[in-house]
Amino acid sequence: MKYPLMSDNITREDLDLVIEHLKKDNPKLTNGPECRAFEEAWSKWLGVKYSVFVNSGASANLLSMTMLKIKHPEGGEVIVPPFTWVSDIASILQCGFTPVFVDIDLDTLGMNEFGILNAITDKTRAVFITYAQGFDCLSGRVLEVLRHRNIPLIEDVCESHGATHNGKLLGSYGWMSNFSFYFAHHMSTIEGGMVCTNDEEVYRTVRMLRSHGMVRECGDWIMAEKYKTEYPELNSDFIFAYAAYNMRNNEIGGILGQNQLKHLDENVRLRNENLFYFLSKLDQKKYKVDFRLIGCSNYAFNIVLQPEYANKDFVERLMHKMRDEEIEFRRGSAGGGNQLRQPYLKGIVPADHYTKYPNTDHMHFYSFYVGNYPTLSKISIDEITSVLNRV
């Protein structure tokens, strides 16, 4: 592929560090000090107290919803966009909550501010916001109302490492936030994710949930002693407080994460520089260019068709041209477009529920993204936009 979605996301420097670790006598590979060092470095970078390194962003989502379930065993509603990755909605369902959907703004690809506020009820247990494609969709009004009503914000930042709101990193606003370090994202541990929080109780509990619910993993000797005293007949190394999961990452991921983090801010700068150049070269009669760019941390180049070009014929010609020119793309953008059209929601939402979310449906049929990464050259961007503009 001449223009792939991602290139050079794990560098020779990263791999050399892993090799040096593997050359040690009897190197530790399972979750250990390298993972903890990455957690500490990530917390410092993000500006939060605690981070828990897990095996994927999807696991981070599920852990967050499990923590919410512990707080609200009776269930309730979670506000979420239909334009997101499957694991956000799946984790809501898996933990017994009811998803309440809010359409997106095309300027940010995130939930509409007034849609969120209108969706809040006495049954709302959390707002689970997705920062799609590196855009900031957070609202001061939403934050104010959530604080006033004591409703937690949970942030999915899986595609938006380094994006900011009012100069503060996204992922540092919520009760919990989730990140992904999958290969295609801003930085990579091959597979991996992080749950972040300023709540010590969340931190201790998520550490246990990550490791089978084992009390010894909580990181709090006072809590551990309490369980030992309460259950003296149990082996203190194997007290399981929760029916939980195995979502630990490993030392190779920890090594990669520490080194990749050193370059993240500069890579975000380069990605954004590429984005601004891409949008300046794009034919704005055919394609949307007026996104809300303040605070963004671009994940990929969005190709969103203007209404007069939003038709099947133009879409087919565009896809044919991109394939011919070896431009790798994804249709529908984040997660394949409108999740309400997916079979896993059949019987959970009404059959025509997707019709109530026109902006998400526009993205489903009339949007694409192509790759952006720090080593992408201006010449390549010129070539890509030239192809798009000629359709």
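Visitor: Where is the place of Cys296?
Guide: In this predicted model, Cys296 sits in the loop between α9 (251-281) and β10 (300-304).

Visitor: Why does Cys296 count as buried?
Guide: The cut-off for buried is under 20% relative accessible area. Cys296 has 6% relative accessibility, so Cys296 counts as buried.

Visitor: What is Cys296 in contact with, leaving aside its neighbours within four places in sequence?
Guide: Its contacts are Gly134, Phe135, Ala163, Asn272, Leu275 and Phe276. Contact here requires heavy atoms within 4.5 Å. As for Asn250, 46 residues from Cys296 along the chain, the two C-alpha atoms are separated by 30 Å.

Visitor: What makes β10 and β11 edge strands?
Guide: An open sheet of 3 strands has the order β10-β12-β11, with antiparallel pairing. β10 and β11 (329-331) each pair on one side only, and they are the edge strands. From one strand to the next, the twist averages 25°.

Visitor: How do you know that β11 and β12 pair?
Guide: Two strands pair if there are at least two bridges between them. β11 and β12 (residues 367-371) have 3 bridges, in the antiparallel sense, so by that cut-off they pair.

Visitor: How many bridges join β2 to β4, and how many join β4 to β5?
Guide: There are 3 bridges between β2 and β4, which run parallel, and 4 bridges between β4 and β5, also parallel. The cut-off is at least two bridges, so both count as pairs. Glu77 has Thr124 as its bridge partner in β4, and Ile129 has Glu155 in β5. On the β3 side, β2 (residues 77-80) pairs in the parallel sense over 4 bridges, and Val78 has Pro99 as its partner there.

Visitor: Why is β4 called mostly covered?
Guide: Of its 7 residues, 7 are buried. Each is therefore under 20% relative accessible area. β4 also belongs to a right-handed β-α-β unit, together with helix α6 (residues 140-149) and β5.

Visitor: What describes two packed helices?
Guide: The angle between their axes and the distance between the axes. For α3 (residues 57-71) and α4 (residues 86-94), the axes come within 9 Å and cross at roughly 35°. The crossing is right-handed. Ala58, Asn61, Leu62 and Met65 of α3 make the contact with Ser87, Asp88, Ser91, Ile92 and Gln94 of α4. By class, these are 4 nonpolar, 4 polar and 1 charged residues.

Visitor: Which residues of α4 are buried, and what do they pack against?
Guide: The buried residues are Ser87, Asp88, Ile89, Ala90, Ser91 and Ile92. They pack against α3, β2, β3, β4 and β5.

Visitor: What follows α4?
Guide: Gly96 follows α4, and its phi is positive, near 85°.

Definitions and conventions: Residues numbered from 1 in each chain as written. Predicted model: local features only at pLDDT ≥ 70, side-chain atom pairs only at ≥ 80, totals over all residues. Heavy atoms only, no water. Axes fitted to C-alpha atoms, helices over the stretch in contact; angles between N-to-C directions. Helix = DSSP H or I, 4+ residues; strand = E, 2+ residues; numbered from the N terminus. Left-handed = near helix turned anticlockwise from the far one by under 90°. Nonpolar A, V, L, I, M, F, W, Y, C, P; charged D, E, K, R; others polar. Buried < 20%, exposed > 50% of the residue type's maximum accessible area, 1.4 Å probe, protein only. Right-handed = clockwise from strand over helix to strand, strands pointing away.
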